[in-house]
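I open these notes with the structure itself and then record what I looked up, entry by entry.

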Amino acid sequence: MDDLMRRQLLVELKRAGYRDAYYSEEHDAVFPMDKEFPGIQIRDKEIRMPRLEQPPYILGQPAIHKSELEQQQRDLVYQVFRPITDKVEEMVYAWRNAFPMKAQDVEEFRLLSEHGKIVLAARDDGERGLHFTTWEYSYNRNGVGHGHYTTDYEGAKRDFAVRSGLIPEKLIFAKEELEQIYSALVFQGKNDDELTFDKERELHGVIHKLETISPELKDTLEVPAQENEPEPEL
Amino acid sequence: MLPYTFQRVMMAELRQAGYDKAKAFPGKYIQPVPELPITITDTRVSVPKDLGMMPGFSKLVRGLNTHLGIANEATWLFDNTPDSRSKVLDGQKLFVSYMNTLLTARMTENGEPQYFVQTKEYDGSLTVNKRTGSYMDAKLHFLVLSPIHKNIEAFSHKYMAQIYDALIYRGQHDTEMRPLESEILRNAISAIEQAFPGFAQERRQPEPETGLEVEP
């Protein structure tokens with residue numbers, strides 16, 4: 001496994017709460033958990049899941065079924081570890097394809113992107129992984145200033161997009177706004193009788209996209225109260 | 001004062017937003033709606049005082065101011081970005097790139113600005129994913145394609161129009177909304193209107209209700 005990939009993977013796993021994550025030279029893989037699912041291995045291009053066995057029976061009944069355990073393991077791999085490895089691969093790719101900054105005193109940073117006067121750069125901080133920053137170029141572009149420093153990759157990209165004017169800040173919706181948008185789309189889908197076939201298909205497309213971005217949005221919809229209340233006895 | 005680059009960029013933005021009759025008076029100003037005495041220069045949108053009281057007018061002016069901001073940003077980039085020396089870019093201006101995705105622009109032979117969102121392939125060639133005359137549209141497409149901001153994926157121009165429609169529909173018809181929800185909804189509507197001023201004008205109007213007159 002690539003050195004930067006290994007270091008960054010460990011940093012991101014620990015940030016996500018997997019403090020026991022470790023790298024094994026013998027397997028050339030990162031093991032994110034050493035208790036619940038110790039066999040999961042994150043390798044260079046794949047995540048390996050071990051075949052699970054039926055847990056021991058307690059008083060003649062299984063404490064948990066093998067299929068449930070397998071499902072838990074799959075959820076963990078596809079919903080938690082896969083997004084983390086995707087993100088780390090993206091960071092490492094961006095770092096490898098970037099050139100060193102030309103501005104004064106910041107040569108150890110690599111230029112990931114620039115738009116207008118704003119620049120997004122990163123520095124390799126060894127075991128602490130990549131460190132990101134957004135700066136504003138000076139008038140003659142020889143120097144940079146007004147830095148925003150972070151180790152949060154997504155936050156750095158968002159900051160770059162807003163500072164450079166690629167996206168108006170208001171268009172980055174907060175969680176509550178996303179919930180309201182989702183509710184509005186579902187509300188219109190249920191109630192608007194004048195929707196044409198094409199419009200309805202588009203509406204479902206947006207709902208599906210939002211659900212892909214934030215799967216938890218589905219849970220935010222209130223379950224309607226049961227209408228079939230028992231009639232009072234006469 | 002109306003710089004030439006600004007005039008071309010602003011005219012393209014206005015046309016994309018549906019102001020088909022917008023007219024430019026070179027060196028002086030742009031009139032977005034020839035029937036109304038509104039004028040635009042590179043610094044401001046000017047409105048006669050007595051017109052400011054007309055209903056729906058402030059929304060129109062707010063929309064024009066948003067276009068003005070976008071056009072000024074694009075003009076600055078056109079004026080301050082050198083033509084690329086790369087062979088594959090063929091003299092286009094590289095506005096921004098991230099990983100394999102590029103946002104480039106050029107002025108066509110007839111002086112129209114054109115923005116391209118392109119992907120760099122393994123062999124060094126470029127694939128054009130989007131060609132548009134609107135800078136805002138190009139920026140959003142770039143964000144969608146490059147992984148700079150993943151949550152924007154759903155919010156390209158087409159989807160945003162649908163979201164805007166749904167928000168307005170819920171605002172008009174949902175009688176069970178709580179005050180906090182209503183406030184968040186209004187904020188979201190206002191954010192979209194500021195970024196896409198054309199939506200407010202394009203919104204479908206409710207048909208006048210007929211047959212509800214009370215007979216004597």
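I take two strands as paired if DSSP finds at least two bridges between them. I also note at the outset that this is a predicted model.

**Entry: a hairpin in chain B.** I looked up strand E7 (residues 113-120) and strand E8 (residues 126-132) of chain B and found them paired in the antiparallel sense over 6 bridges. Within this pair, B:Thr119 stands opposite B:Thr127 in E8(B). E7(B) and E8(B) make a hairpin, with 5 residues between them. In the turn, B:Gly124 has a positive phi of about 90 degrees.

**Entry: the open sheet of chain A.** I traced 5 strands of chain A in the order E7-E8-E9-E10-E11, which form an open sheet with antiparallel pairing. Strand E7 (99-100) and strand E11 (144-150) of chain A are the edge strands, each pairing on one side only. I then noted helix H3 (residues 153-163) of chain A, which packs on the sheet and touches E8, strand E9 (118-124), strand E10 (130-137) and E11 of chain A. The direction of this helix makes about 10 degrees with that of E10(A). I recorded A:Arg110 in E8(A) as the bridge partner of A:Pro100.

**Entry: helix H5 of chain B.** I found 17 residues in H5(B) and a reach of 25 Å from its first C-alpha to its last, close to the 24 Å expected at 1.5 Å a residue. I listed its buried residues as B:Ile184, B:Leu185, B:Ala188, B:Ile192 and B:Ala195. They lie on the same side of H5(B), because they cover an arc of only 100 degrees around the axis. On the other side of H5(B), I found B:Pro179, B:Glu183 and B:Ser190 exposed.

**Entry: where the chains touch.** I found 34 residues of chain B in contact with 34 residues of chain A. Helix H2 (57-80), strand E5 (93-98), helix H3 (135-145), helix H4 (157-173) and helix H5 (179-195) of chain B each supply at least two residues of that side of chain B. By class, I recorded 21 nonpolar, 7 polar and 6 charged residues there.

**Entry: two positive phi values outside glycine.** Phi of A:Arg141 is near 65 degrees, and the residue is placed in the loop between E10 and E11 of chain A. I count A:Arg141 as exposed because it has 12 C-beta neighbours inside 10 Å. Phi of B:Met99 is near 55 degrees, and B:Met99 lies in the loop between E5 and strand E6 (101-107) of chain B. With 18 C-beta neighbours inside 10 Å, B:Met99 counts as partly exposed.

How values were computed:
Residues are numbered from 1 along each chain as its sequence is written. Chains are lettered from A and ligands numbered from 1 in the order in which they are written. This is a predicted model: local features need pLDDT of at least 70, side-chain atom pairs count only at pLDDT 80 or more; totals for chains, interfaces and linings use all residues. Helices (H or I, at least four residues) and strands (E, at least two) are DSSP runs, numbered from the N terminus. Two residues are in contact if their C-beta atoms, placed from the backbone, lie within 7 Å. Axes are lines fitted to C-alpha atoms, for helices over the stretch in contact, and angles run from 0 to 180 degrees between N-to-C directions. Ala, Val, Leu, Ile, Met, Phe, Trp, Tyr, Cys and Pro count as nonpolar, Asp, Glu, Lys and Arg as charged, and the others, Gly among them, as polar. The expected span of a helix is 1.5 Å times one less than its number of residues. A residue is buried if 20 or more other C-beta atoms lie within 10 Å of its own, exposed if 12 or fewer, and partly exposed in between; C-beta atoms are placed from the backbone. The arc is that of the directions from the helix axis to the C-beta atoms.
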